[in-house]
Amino acid sequence: MGGFDACAVSNVLSGSGLSSSAAYEILIGNIINHFFCEGKLDAIELAKIGQYAENVHFGKLSGLMDQIARAWVTCRARARAWVSPPAV
């Protein structure tokens, strides 16, 4: 895997309860998916990876809802077409 430089800007306060961590996890997941996985990861896989990072590396025992919602919205926006919500 190669490396990359990224800059993310947000007005959401860290720890504000507005899914800021899920949004960041899915952002980084999409960057890695695009540049290093040829876009092969779907929204559910990205959400599960984000949840794993939050649970294991940050010690926050979170569910999967925030990551799935963020990943689904991101994938839907990228496709610019209506898609069915992911089945979990």
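Which residues make up the largest nonpolar core? That was my starting point today, and I kept in mind that this is a predicted model.

**Entry 1: the core.** I found 8 residues in the largest nonpolar core: Ile26, Ala43, Ile44, Leu46, Ala47, Leu64, Ile68 and Ala71. I then looked up where they sit, and two elements, α2 and α3 (65-79), each give two or more residues to this core. The largest share, 4 residues, belongs to α2.

**Entry 2: one core member.** I picked Leu64 and listed its contacts, leaving out residues up to four places away in sequence. Leu64 touches Ala47, Lys48 and Gln51. Ala47 is itself one of the core residues.

**Entry 3: helix α1.** I checked the length of α1 next. After α1 comes Glu38, and its phi is positive, near 55°.

Entry 4: I moved on to the second largest pocket, which holds about 210 Å³ of space. It is lined by 13 residues, and the closest to its centre are Glu25, Ile28, Gly29, Ile32 and Ile49. Both α1 (20-36) and α2 (43-57) supply at least two lining residues, with the largest share, 6 residues, coming from α1.

What is the lining made of, nonpolar, polar or charged residues? I read off 9 nonpolar, 3 polar and 1 charged.

Key: Residues are numbered from 1 along each chain as its sequence is written. This is a predicted model: local features need pLDDT of at least 70, side-chain atom pairs count only at pLDDT 80 or more; totals for chains, interfaces and linings use all residues. Side-chain values use heavy atoms; hydrogens and water are left out. On a 1 Å grid over the protein atoms alone, a cavity is a set of points where a 1.4 Å probe fits but cannot get out, and a pocket is an open set with protein on both sides within 12 Å along at least five of seven lines; lining residues have an atom within 4 Å of a point. Grid points are joined across faces, edges and corners, and a volume is the space filled by probe spheres set on the points. Ala, Val, Leu, Ile, Met, Phe, Trp, Tyr, Cys and Pro count as nonpolar, Asp, Glu, Lys and Arg as charged, and the others, Gly among them, as polar. A nonpolar core is a set of buried Ala, Val, Leu, Ile, Met, Phe, Trp, Tyr and Cys residues joined through side-chain atoms within 4.5 Å. Buried means under 20% relative accessible area, exposed over 50%, partly exposed in between (1.4 Å probe, protein chains only). Contact means heavy atoms within 4.5 Å.
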